[in-house]
Amino acid sequence: MKQLLLSMMAFVTIASFNACADSNAGQDPVLAKEFSENVQNFGRTVPVTMEKENGKYRVNFIITAQNFEIRDSKENAVYISMIGEAVKNETPIQIFLKANTNEIVKVGQPTEEDIRYFKSLLIRETSTEAQKAVSVIPNQATLNSLFTQIKNQSCGTSTASSPCITFRYAVDGCYARAHKMRQILLNAGYDCEKQFVYGNLKASTGTCCVSWGYHVAILVSFKNSSGTVEKRIIDPSLFTSGPVTDTAWRNACVNTSCGSASASSYANTAGNVYYRSPSGSLLYDNNYVNTNCVLTTFASLSGCSPSPAPSVASCGF
C-alpha cells in the first residue's frame, strides 16, 4: 500500500495567488479584478474521487472531508476531464473555487516539478516510533471513563491548555479530531485503530446536517463482562452519550433524513494513520502539527456554518 508522508500536507495546502494573477494576464483590468474578487485559489491538491450526480460532479480531495462540486457543462468539460485524469493517476491539479462556496470554477495544470515531487512522496517510507500502549482496554468501566475524558476536551467545555477538540463543528476536521482522541488514549496508556467510511455521506449533529466524502473516528477494543474482546467507535461529534458499535456509527453517516446518502466502502487502519484515501494511500501526522493547527482554526466554530469550512492552508508543514 502506498504511503504519503506527513510533508505531503505542505504540498496540499500551498495556495499560490500568483497563479490566479497569471491566469488573468492580458485581460481587461476590470475583468481581472472581478475574477480575483469572485474566485478563490484553493491551491494545488490531489482529487481522490469524482462522482456524477444531479447535473454536476461531486469531487473530493485528500485530507478535507468536505464535498466539492463542478457543474456538468460544455464550459467545464476540459476541467472535468482534467479532474478525472488526476483522480486516475493520483496527480495534483490547481483548483479555483467560486468565492465562499465549494463550487469549482477553474482547474489548472500542475508543473512537472509538482508531479515529480508528489510521486516522490508516494515511494518514501514513513518511520514511526513504537508506542508502549495497551491495545485492549481492560473493561467497560475504563472504556466509559476514557470516553468521558475525551468528551470533556470538547471546545466550549474544555479548559485544557492543549487545543480543544471541535466536536461541536462537524463540517470538517474529523481527521484532526480522531488524531487528538488517539493522543488522549496514548497518554492514558492505551492505543486504538481508526475506521474510515467513504461515500456520499450525510449526518445529523442533532441540530443540523453535514455532508462529507468520508468520515473517520477512533475504533477501540475492550473486554466486556465475559472477558470477550469487542470493538466500539468513539465519536462525540455524532454520539455524545457513549461509545457505539461501528455499524451504528456507519449508519449515522448515511442519515437519509438529511438527503440522499450512501456509503461505498469502509476500512480500518492503524491508529497512527492521519488520513487514508479511498484507494488506500496513507498520510501521517506523527508530531500533531497539522492536528493542533486544524483544531485551533475551528475551535470557535459550532453548528454547520460556515460551510465550506475556513481555510486551513496555514496549517501546512
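Helices (H or I, at least four residues) and strands (E, at least two) are DSSP runs, numbered from the N terminus. With that in hand, here is a set of close-ups of a predicted model.

**View 1. The whole protein chain, before we zoom in.** Nine helices and 13 strands make up the secondary structure of the protein chain. Of its 317 residues, 50% are buried. Take the contacts with a separation of 6 or more: 66% of them link residues 24 or more positions apart.

**View 2. The loop between β5 and β6, with N100 in it.** N100 sits in this loop. Its phi is near 60 degrees, a positive value in a residue other than glycine. Is N100 buried or exposed? With a relative accessible area of 63%, N100 is exposed.

**View 3. An open sheet of three strands, in the order β1-β5-β6.** The pairing in this sheet is antiparallel. The edges belong to β1 (39-45) and β6 (104-108); each has a single partner strand, so one side of each is left without a neighbour in the sheet. On average, neighbouring strands here are turned by 25 degrees against each other, direction ignored. Between β1 and strand β5 (residues 93-98) there are six bridges.

View 4. From first C-alpha to last, the 13 residues of α4 reach 18 Å, close to the 18 Å expected at 1.5 Å a residue. Which residues of α4 are buried? They are Y79, I80, M82, I83 and A86. Seen down the axis of α4, these fall within an arc of 160 degrees, so they line one face of the helix. V78 and K88, on the other side of α4, are exposed. The buried residues pack against β2 (47-53), β3 (56-61), β4 (68-71), β5 and β6. Just after α4 comes E90, with a positive phi of about 50 degrees.

View 5. Setting aside neighbours within four places in sequence, the contacts of Y214 include I63, Y175, F196, Y198 and Y275.

**View 6. I63, in the loop between β3 and β4.** That loop is the place of I63. Here too is a positive phi in a residue other than glycine, near 75 degrees. At 5% relative accessibility, I63 counts as buried, since buried means under 20%.

**View 7. Helix α6 and its buried side.** The end C-alpha atoms of α6 are 16 Å apart, which agrees with the 16 Å that 12 residues should span at 1.5 Å a residue. L143, L146, F147 and I150 are its buried residues. They cover an arc of only 105 degrees around the axis, which puts them on the same side of α6. What do they pack against? β7 (136-137), α7, β9 and β10.

**View 8. The hairpin of β12 and β13.** Strands β12 (residues 273-276) and β13 (residues 282-284) pair in the antiparallel sense over three bridges. Y275 stands opposite L283 in β13. Five residues lie between the two strands, and G280 in the turn has a positive phi of about 105 degrees.

**View 9. C258, in the loop between α8 and β11.** C258 lies between α8 (246-252) and β11 (262-270), and its relative accessible area of 16% makes it buried. C258 and S211 are 47 residues apart in sequence, while their C-alpha atoms are 8.7 Å apart in space.

View 10. A cis peptide bond joins S307 and P308, with omega about 5 degrees.

Definitions and conventions:
Residues are numbered from 1 along each chain as its sequence is written. This is a predicted model: local features need pLDDT of at least 70, side-chain atom pairs count only at pLDDT 80 or more; totals for chains, interfaces and linings use all residues. Side-chain values use heavy atoms; hydrogens and water are left out. Two strands pair if DSSP finds at least two bridges between them. Axes are lines fitted to C-alpha atoms, for helices over the stretch in contact, and angles run from 0 to 180 degrees between N-to-C directions. Contact means heavy atoms within 4.5 Å. The expected span of a helix is 1.5 Å times one less than its number of residues. Buried means under 20% relative accessible area, exposed over 50%, partly exposed in between (1.4 Å probe, protein chains only). The arc is that of the directions from the helix axis to the C-beta atoms.
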